[in-house]
Amino acid sequence: MGQLLCCVQVDQSTVAIRETFGKFDDVLEPGCHCMPWVLGKQIAGHLSLRVQQLDVRCETKTKDNVFVTVVASIQYRALIGKAADAFYKLSNTRGQIQSYVFDVIRASVPKLELDSVFEQKNEIAKAVEEELEKAMSAYGFEIVQTLIVDIEPDEHVKRAMNEINAAARMRVAANEKAEAEKILQIKRAEGDAESKYLSGLGIARQRQAIVDGLRDSVLAFSTNVPGTTSKDVMDMVLVTQYFDTMKEIGASSKSNSVFIPHGPGAVKDIAAQIRDGLLQANITQN
């Protein structure tokens with residue numbers, strides 16, 4: 001109907017290429033345009049100005065001889081100022097872009113080892129974009145964005161990489177666990193040493209208090225009871241402590257201590273042994 005009335009409609013984000021008797025005439029922007037077909041005017045085709053995306057899968061080899069598949073996503077669009085070039089100069093735009101992507105990726109990735117490919121994927125994308133921008137601008141296309149969206153090594157390589165990472169993580173975990181156990185043992189040893197030190201201080205103070213008490217008791221008893229000697233007082237004190245000890249042992253239901261010999265007369269023998277030991281020590285020092 002539009003051709004019959006010599007009118008044509010161009011949709012938004014689209015331009016139409018008008019020819020006169022087969023020769024390029026003009027680029028028609030969105031809207032309604034007069035198309036006197038009787039004068040040889042006709043629409044040769046339409047060109048979209050929308051951003052288009054092309055995903056390219058390129059298989060190549062890294063420097064360490066690992067085959068990888070690099071997936072690049074190219075976003076491009078036709079320039080309205082160069083619509084005639086975009087329409088006439090290229091018959092297969094997507095194939096042209098794909099060829100340039102293959103060329104750049106296969107020139108860049110073989111210079112890098114596998115780990116470096118993952119680390120420098122932004123640099124690879126930038127190199128692809130710069131090369132495409134230089135090449136496609138002459139054909140009326142603008143490269144909006146270039147992304148390396150995926151890097152897929154061979155399945156066996158991925159499995160090996162996962163095993164290496166798992167082993168490394170287990171090694172780190174083992175080191176951390178060993179370090180924690182080491183710290184725990186050190187802290188336990190420090191606590192045990194501190195406990196023994198404090199226990200020794202307590203025993204030393206206890207014994208000092210006992211000695212001071214015995215000395216005071218012997219001096220007080222000798223003063224208040226004339227005719228008694230220090231030996232008599234010590235024997236009496238030891239007998240008193242013996243009966244106190246036996247009382248505590250008998251009062252405990254879980255006691256497993258046994259004195260051999262356990263008669264009160266044994267206290268005298270113990271006291272004699274203590275005195276003989278002290279006298280022997282004094283003689284040795286003299």
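These legends describe close-up views of charged side chains in a predicted model. Residues are numbered from 1 along each chain as its sequence is written, and side-chain values use heavy atoms, without hydrogens or water. Local features need pLDDT of at least 70 and side-chain atom pairs 80 or more, while totals for chains, interfaces and linings use all residues.

**View 1. Lys41 pairs with Asp25 across two strands.** The closest N and O atoms of this salt bridge are 2.9 Å apart. A salt bridge is a side-chain nitrogen of Lys or Arg within 4 Å of a carboxyl oxygen of Asp or Glu; the count comes to 9. Lys41 lies in strand E5 (residues 41–48) and Asp25 in strand E3 (residues 23–28), so the pair ties together parts 16 residues apart in sequence. Strands are DSSP runs of E, at least two residues; helices are runs of H or I, at least four. Lys41 is partly exposed at 21% relative accessibility, and Asp25 is partly exposed at 29%. Buried means under 20% relative accessible area, exposed over 50%, partly exposed in between (1.4 Å probe, protein chains only).

**View 2. Lys187 meets Glu190 within helix H5 (residues 155–224).** The closest N and O atoms are 4.0 Å apart. The two residues sit 3 apart, about one turn of the helix. Lys187 is exposed at 52%; Glu190 is partly exposed at 44%.

**View 3. Lys196 forms a salt bridge with Asp192.** Their closest N and O atoms are 3.4 Å apart. Both belong to helix H5, 4 residues apart, or about one helical turn. Lys196 is exposed at 56%, whereas Asp192 is partly exposed at 38%.
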